[in-house]
Structure formats: C-alpha cells, structure tokens
Amino acid sequence: MNKMKFSKIVLRTSIPIAIGILGFTASCMDPIEIELKDQGDTKLVVDGWMNKDETAFIHLNYTLPYLQAGNLPPASGALITITNGTATDTLIEQGSGTGFYANKTLKAELNKTYTLKIKTTDGKEYYSVNQIPRGITIDSIYFLPLPFGLQRDRYFTNFSYQENLGKGDCYWGRFYRNDSLMFEATDLYRSVTDDLFIDGQHLSNIGIGRPVSKGDKVRVEALSITNECYQFLYRLLANTAQQQNFSAPPPPSVVGNISNGALGFFRTSSKHEVERMVQ
Amino acid sequence: MKNLFLLLLLSPLVGNSQNFTLSGTIKDAKNGETITGASITLKDKTQAAITNNYGYYSLSLPKGTYEVSYSNLGFTTETKTVVLDKNTVLNMELASVEKELDGVTIKDNRKNRNVEKVEIGTVQIDAATIKKIPAVLGEVDVIKSIQMLPGVSTIGEGAAGFNVRGGSVDQNLILQDEAPVYNSSHALGFFSVFNPDAVKDVKLIKGGIPAIYGGRLSSVLDIRMKDGNMKKFAGSGGIGSIFSRLMLEGPIKKDKASFMIAYRRSYADVFFPLFNNEALKKSILNFSDFNAKLNWTIDKKNRVFLSSYIGRDNFGLSDFFGINWGNQNVTLRWNHIYSSKTFANYSAIFSNYDYSLGSEQATSAFKWVSHIRFYNLRADHTYYPNSKNTIQYGGQLVYYDYRPGETEPVPGKQSFINADIAMQRKFAIEPNLYISNEQTVNKRLSMTYGIRYNGFANIGKDTSVYVYKDAEKRSGDNIIDTLEFGAGEMIKYWQGVEPRFAMKYTMDKESSIKAGYNRMRQNIHLVTNTSSASPLDVYLPSDRNFKPQIADQVSVGYFRNFKKNMYETSVETFYKTYQNIIDFKDGANLVANNMLDTVMLRGKGESYGLELFIRKQNGKLTGWISYTISQTTRTIDGINGGKKYFSPYDKTHVLNITASYELNKHWSFSANFAYSTGIPITVPAQKFVWQGITASDPSGRNTFRIQTYHRADASITYKGKKKKKQLWQGEWVLSAYNVYARRNAFSMYFRQDPNDPTRTQAVRISVFGTVIPAITYNFNF
C-alpha cells in the first residue's frame, strides 16, 4: 500500500463501479484524429541514472510535437560531466550520433553529492544535483500460484524486505524476466512507494503483477530512490497511465531534476537485486 | 446607508395599524400537502400574496369586504367572499385538476408567475415534470432534469452534480428538507440521491439569491420532500432496470398527522450468489436510499416535521478491496404562528457525508475513512406588516467537523500498513444572520432587498497550523513556524456581509423587466484535481491559509409571455466575478497530503453569459427550449503561467430541448435533445521518452476543447385502464437514451500507439457508445 496505489484506488474505482452498475459495457474508447495547434517548444530530454557502486549513463534526446510520428532526435555532441566535489568525471558518447553517454570508471558512493552538468551543442547548459540514498536488502523471493485458479502453472513473484526505520525513504521495484526489463507506465502503480504507510515494517507478500512460468529466470531489483525521484515518477504516472481514467486530472508537467527547462530525470539510487529460477 | 436601510424596513410598520389580517394555510385537497407558492389575490388585483415554503400566507387589509381568489397552476381556483372586520384565519384546500397536470408542466402559482414574481434566475419544478423527462436507463432523476434548464450544465454523462453559470459542483447549495447534501450522486454521477417518488418540488435559484440562503457561490437547489398524505393511505413505486422503489404515505391521524417513507435499491449484486465463483459470491455492488418523514399539526399555531435521509453506495470485491460512501441527514422543524402577521420556523439539522475504503486481505488489511459533519440550529421568521411588505429575518449557527481522511485499524487483522496516518481534522463554527424585505412599491415596481452577515470561526483541537514566509507562495520549503491550537481555540475568524437585491418592473400584463444582485461567501472548499467530482473528494473549511471564496453576480432579464400565457419566454444575462477561487497546481498530489494549502492555489474568476428560455405550458404538446451562451475563466498565480484560462466547466453553447406529447389518456411520448460545446481540457504539446515510457509535455491549462456533445432521447408511456377491483394504477415506460448512438466524448487521453511505438494518438473516452434502451413499470395506489 502506498500513495500511488491509493491514488490508483481513488482514480480507477470509477471504471469497475460504473461498468458493474450498468451491467454491461456501454462505454468505449477509440482513437480519433485531432489537430493540436499548441505545439510548445522543443526541449532537451535527459534519461540518466547512477547506482551506488556503479557507473553513470545518460541518454539525451530532443522532444517532438506530440502527434508527430518518429523517434526522438538524439542530442549528440554534448559535453557531460559529473562532479562529486573533489573529482570530475566526463561521460563519453557511445558511438556517433547516438546521444548515449557513459563513463566506465566512475563509482558512485553513499552520502556524496553528485552534480551533473550538460552542455549541448547549441551552448545551453543544464545542471542536476543529487545524492545516493540508503538502500534495503531483499530477504526472500518466492512464487505463488495465480489467484482464483486463473492460469495453471503460472505464478506471481513475491518478495519481502525490512523497511528502514525513519520516514522519508522511497523505493522503486523493477522486475526482469529472462533478463528483459518488464516495465510499462502502469507498473508504476505497484512498483513505486514511499514509506508513509509502512515505515520501519517488515514487508512480505510484495507482489509483482506479472505472471511467470516454470523455467523462467526472474530478477527483482530494489532501487532506493530519492524523494525527488519518487515525485517525478508520481508525475510520470499521472501524465501517462492515469490519463486513461474517465475523470483523470489534466496531464501534469513531468518536472524532473534538470535545470533550464529540460525534461526527464537523472536518477541516483542504491540497488539490491536477487535472481532466481522459477521451479 | 444603514439608516436608509432601517427606514425602508420600518416605514411599512407605520400608519397601518387599522388594518386587519387575512391569513392561513393552503393545502392540496387530495392529500393534504401544503402548497408552496400558491396565489392569494383580491378580485380588483390591487393586493396579492403567495404562500411560503410551508403553505402559509398573510395579507393585511383595511376593514371591508373582499372577494379573494386562491389559485395555483394545476388546481381549481377558489374564490371566497371575506368580511374582514377582525383578524381572520382562512385555511383553504384546492382541488387538483388532473388534466392540467398531464404533460410537462412547470409548477407556478399563476401562469404568468415568471412575469409577475420579483425573483430572477429561479425555476421551480414539480415531481410530475421530472417524471416525464426521458432518463438514463429509464430512471427519472431530479439532477438530470435540472440540467435541461438554462444556465445549468454538466461536464458529461456520468459526472456527479451539475454546474450553474460556469460554477463548480461544490458551489451549489443542495438542500433536502433544509439539510445540506454534500454528494448528490449515486454510482459516481449516473443517478442522483433524490428518490423522485418522495420529492414534492424542486426550486433552483441561480441569481438574485434571497438573503435566507448562503454558503455557496453559484446556486441554491431547494428540494422539498413530500410531507405524507393527510387524507388516505397511498403509495407509488416502480420496477426499473437499475432500481426498484417504493414510497408509502398516509395519515397517522386524519388531517392532523401523517407519514411518508420511501426506499430505493439497485440490485445488480442480488445475482452474484448465483455465480460459481467464491470471490464473486462475497462481492457487493449496490446503492440504496431511504427517506422518512413525519409531520404533526399540533394545533392551529404549531406544526412539527421530522424528516430523515440515509443513502449508501457499496462496492466490494471479495476481501480484496471495498469502498462505500453516502449521505445521512435528519431535520427537525417546528412551524409556529406567533400571530396572523408573524410566521416562524425553527430547525435543528444534522447532515453527514462519509466514505470508507479498504481491504481485508491478510497482512495488507487497511481502512481509510473520511467524513464531513454539519450541525445546524436555525430560526427563520416571516413578518407581514401589510400587504405591500414581507419581511424575513433570522439566523443560524452551524458547527462543522471535517475529517479529511485517516487510517483505522482493521479489527482482527495483522497488517504491515501503519494505522496512524491521518490528515488533520478541522473544526469550525459559522454564525449567520439575515434580514430582507419584499416590497411592492407600486403596481409596476416591486423589489426585494436584504443583507446577510456571515461569520466563520476555524477552531482548533490539537491542531497544527503552518506559517509560511510568503503566504502567497506557500510551499514546504517556505514554512517558518508551526502554531499549535488546543480544543476550541480560535485559529482564524473570517466575516463579511452579503448584500442581496432583486427588482421587477412590470411593463404590461405579459411582460416585465427584472434585475438582481447578490454577493455570496463560501467557506467550504472542495479539494479536487478532476473536473468531475468524485465521492472520495475532500472538503476543507476556510482557515488561516484558505480564505473564503466570494462571488458577486449581477443579472438582468426580460420576461414576456404570449397567447394568454401559453408561451412563456425569457432572456436573462449575468455577469459574475469570483475572489479567492481555488484550483490545483499542476501535478498536485492530494492524497494523504497535510499541506493541501500548498497545492491548492487561489485567484480570481469571471463568468458572463446570456440565457434564452421558451416554454409551452399547456395543450397536448408541452415542453421547453433553453439556450445559454457563456464564458467562464480563471486567473490564478501559479497556474497557466499566471495567465487567464478557461474554467474546466466552461461551455460556450448549451442547447436543451424537451417535449412531451399527450396523444390520449393511455399513450404519451417524450423526447429530449441536448447540444453543447465540448469542455476545455489540457492536452500534450510535445512528447518525450524516459525509460521507455512515452510521456507528454502539456500545453497551457485547458487550451483544447473536446468534441461537441449532442444526444437525443425518447420515451413512450402506456398507462393502462384501471379496472374496478384493481388496487393500483400502472404504467409502462419504454425509453431509449442516446437514440442515435453517438459516441460523445466524456474526456480524452493520449497514448503511444500500441501498433507503432513511434506514433502517439488521441483516444476518446465515451461513457455511452451506443443507444441505451430501458423498460420501467411504475405504479401508484
């Protein structure tokens, strides 16, 4: 139970209740052609991350008008550095024109402050200041059959962990099946939490709502994230998956932690992961 | 100014001491129900009065002999010769004229009431009218009927409540036998909580709001429930697609005391146990409401009423998740006639709205509860000093208990979810005083003027209040102090006066010009980030950081009837400004947030428009056409870059047509047509991808309008012939909602194209994508 799950309950109960009451599905959703006249300005998009004891990756792109087809144009040729107060590391673009930057020697440490600096080819500069938050340890991972006998020989992955005492911690659980990250916007409902309702508790039966089968290799990744990242993910959820409700609030700006009007987020985390085969 | 006001009030009291008073109560001869708004007119039409909400009238006249007519639309007119040589009480019972009530009629004391009454922006509807209008799934509905009137709109099908002249849902004061109703909807908005079988009449006031009413910015919807048949045992009910309903009424002691009880329940979940699924067998899905009313005429001067309402919506999916919400209210009223010139009503009112949601699953059981409670004592007096003046004065004292939301332990369940999470409870006391006078200046000019005092004390009870460095730019980083308040300690007192004014100038028998002005203050704030109200929305009182919302409205209208009042027309225009109107910051998180004052911003608003209304009141074909053109905007620092933007309830054009054709005693046909501009929404401007998720960078607030809305409905009613030994009279209603199956957009969202990840698309959400047929059987006895 977390605020996002609570929001899901609040915002999504309308659909089953309404449909149930009517007794049949009279409602419908269908794509329509429209023209959006207000196209706004092109912005830089930062998709970056740095885990404790690991190195940093940054992916830079530019936005496109919303209904324009095509992939986002990469922001190539940028100068990117990360400073921890004493040392400065430079991230190098991985291949020509990819917009994907990395540094293979940088190792992030707990409680240090890291400043990301980006200078794009048009001369604009962007900053982001972050710390690595304290982590947690997954103490068990196990598999339970799907409820209601929905699909035989299919299971939900569950795990448990001890939450850190003291409010203010935030977490993002990510799930890999056969080394593929299983992640869509709707996963944010159940995979991201703060500790408002669960502070200091031992949490068990934390379910991952994606069925697996015998023989699958499962990896659960528990990321401790900053509250700023938690808020960003909340806005990302509100901007995407929550919009599919009958009475969703307007899509909010997904304000991240990058200065100068850039979109996206530079995430710094502690990470613990556990891998198991489904047997 | 104050002296002038007093002089105006007191002037009628001087020099009329030789008059005598003709007073009494007017009732329906069929069932003993008091008639609101009935006319009492002298033959020479020099003097007139109308009955108040309790059917009481008083007319002061010089000594003499008078021919007095008692009339009301739908009733036979009674004329009495009265020798007035002393104060005289004359109670009347009017017989209803069934034929006149067949078809769509708007209840009026006289057919040209719209021209003659001072009130502006006011429409009264009776239950017979509501029952004629085709409705969703055949369930006739008070709120859906209101939405057909000029100046009233909804953001879409299935949206809770209604919007008046661009106002939000919480800006309507909805009263059910004087008790406020905070959530007027079942099933999130598909049906209203008012059982049409129990409703006596409904009055909507949009402008020139009298001083007796206060507390909301946009309108008053005053719903009066039936008192109960004083003459004989009777009842009505129906079996519909969603609800079954039954109302019973009758005398406890003939012409002295009566009762009315009514119950409705939906029955989708009645069939759950038939399914071979344990989870479904344990699930619930229903909504119900129960009305009860007792009234007792103690003697000629005293009458008491006790009315109550209990409504509930329940939804539960086994032990996985459950939610329920509902209103409860109780009103105890005492009518007392001090003298033939002074009528008084004293009320004690309790109203509660609460919701609860939770889970009973092992290890993760939780319960989240919320309520708003209202305790009110009020006194209202009507003084009739002479036939030209009616003075109303009184006051009320309200105590509020706001519990925005908190967790509660689930008995017998171990859970890892902490049960000590709470949004801070809030308490308030609201005193109100008012006085107004309805004055007939001369044959052409009448006016109502008054003033209302509103105080609002936000009081503490283990309450913490944040002090911000800059009160206008509140944020978590801006807190410089936290103040603590104990039980009953004053945190903040807000007060203000609200002038009210309405006037009518009669041009001739069939036309008049009217004007109105009112200031309204609202101390209850709906905290929501959606345009459609949810049963889980939070209400908060005015406090140190939430200022009272204030609206000033000016309205002017021209009223003209044609062909001996067969056709009634009006043109009304209004201009309204708002102060301290609230709206949410982009991306505001309202859940379990104890700093809502940092995400709900306040600013100014403006609304103006023109309303046209044409109505045919009698004949085989009856009905009306209403059209509204309007604009409502807001300007709030921190939203849309501080620039003006459309209110989420803004609809430029709204056209509604409703008609009913009475073919014969057995067959009748009704139809509606509704058309309106799409509501404004916020849409994406640019797109970006983060961790594989395609998201949007939105445009300004509410810059895009969803597609135009239009819909037609129809119904056929067959009323069978009542056989001699048959105990009841029945009728079948076959209805079709959205007859041409238009997919009207309730809202839109944007997503990555599931078939092409490089593309994004707009998706229309329609509540009803097809025609909705229904059949209902109604009966009465």
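## Strand pairing in chain B

Two strands are said to pair if DSSP finds at least two bridges between them. In this predicted model, strand 2 (residues 39-42) of chain B and strand 3 of chain B are joined by 3 bridges and run antiparallel. Within that pairing, B:S39 has B:I50 of strand 3 as its bridge partner.

Both strands belong to an open sheet of chain B, in which 4 strands are arranged in the order 3-2-5-6 with antiparallel pairing. Strand 3 (48-50) and strand 6 (78-84) of chain B form the edges, each pairing on one side only. On average, neighbouring strands of this sheet are turned by 25° against each other, direction ignored. Strands of a sheet pair through backbone hydrogen bonds, in either a parallel or an antiparallel sense.

## Extent of the interface between chains A and B

The contact between the chains draws on 86 residues of chain A and 74 residues of chain B. Together, chain A and chain B bury about 7,100 Å² between them, with 67% of that area on carbon and sulfur atoms.

Across the interface of chain A and chain B, 18 residue pairs are in polar contact, counting pairs with both residues at pLDDT 80 or more. Helix 2 (residues 14-22) of chain A supplies the largest share of the side of chain A that touches chain B, namely 7 residues. By class, this side of chain A comprises 50 nonpolar, 25 polar and 11 charged residues.

## A strand pairing between the chains

Strand pairing also links the two chains. Strand 1 (residues 28-32) of chain A pairs with strand 49 (residues 756-766) of chain B in the antiparallel sense, over 5 bridges. In this pairing, A:C28 has B:S766 of strand 49 of chain B as its bridge partner.

## Salt bridges

Over all chains, the structure holds 52 salt bridges. One of them is formed by the side chains of A:D30 and B:R764, at 2.5 Å from N to O. A:D30 lies in strand 1 of chain A and B:R764 in strand 49 of chain B, so this pair joins two chains. The strands that carry these two residues are also paired with each other in the antiparallel sense.

Between chain A and chain B, the count is 3 salt bridges. The side chains of A:K43 and B:D697 likewise meet in a salt bridge, with an N to O distance of 2.7 Å. Side chains of opposite charge can pair when their charged atoms come close.

Key: Residues are numbered from 1 along each chain as its sequence is written. Chains are lettered from A and ligands numbered from 1 in the order in which they are written. This is a predicted model: local features need pLDDT of at least 70, side-chain atom pairs count only at pLDDT 80 or more; totals for chains, interfaces and linings use all residues. Side-chain values use heavy atoms; hydrogens and water are left out. Contact means heavy atoms within 4.5 Å. Buried area is the accessible area (1.4 Å probe) that two parts lose on being put together, summed over both. A salt bridge is a side-chain nitrogen of Lys or Arg within 4 Å of a carboxyl oxygen of Asp or Glu. A polar contact is a pair of N or O atoms within 3.5 Å; within protein, one must be able to donate a hydrogen and the other to accept it, and residues adjacent in sequence count only if both atoms are side-chain atoms. Ala, Val, Leu, Ile, Met, Phe, Trp, Tyr, Cys and Pro count as nonpolar, Asp, Glu, Lys and Arg as charged, and the others, Gly among them, as polar. Axes are lines fitted to C-alpha atoms, for helices over the stretch in contact, and angles run from 0 to 180 degrees between N-to-C directions.
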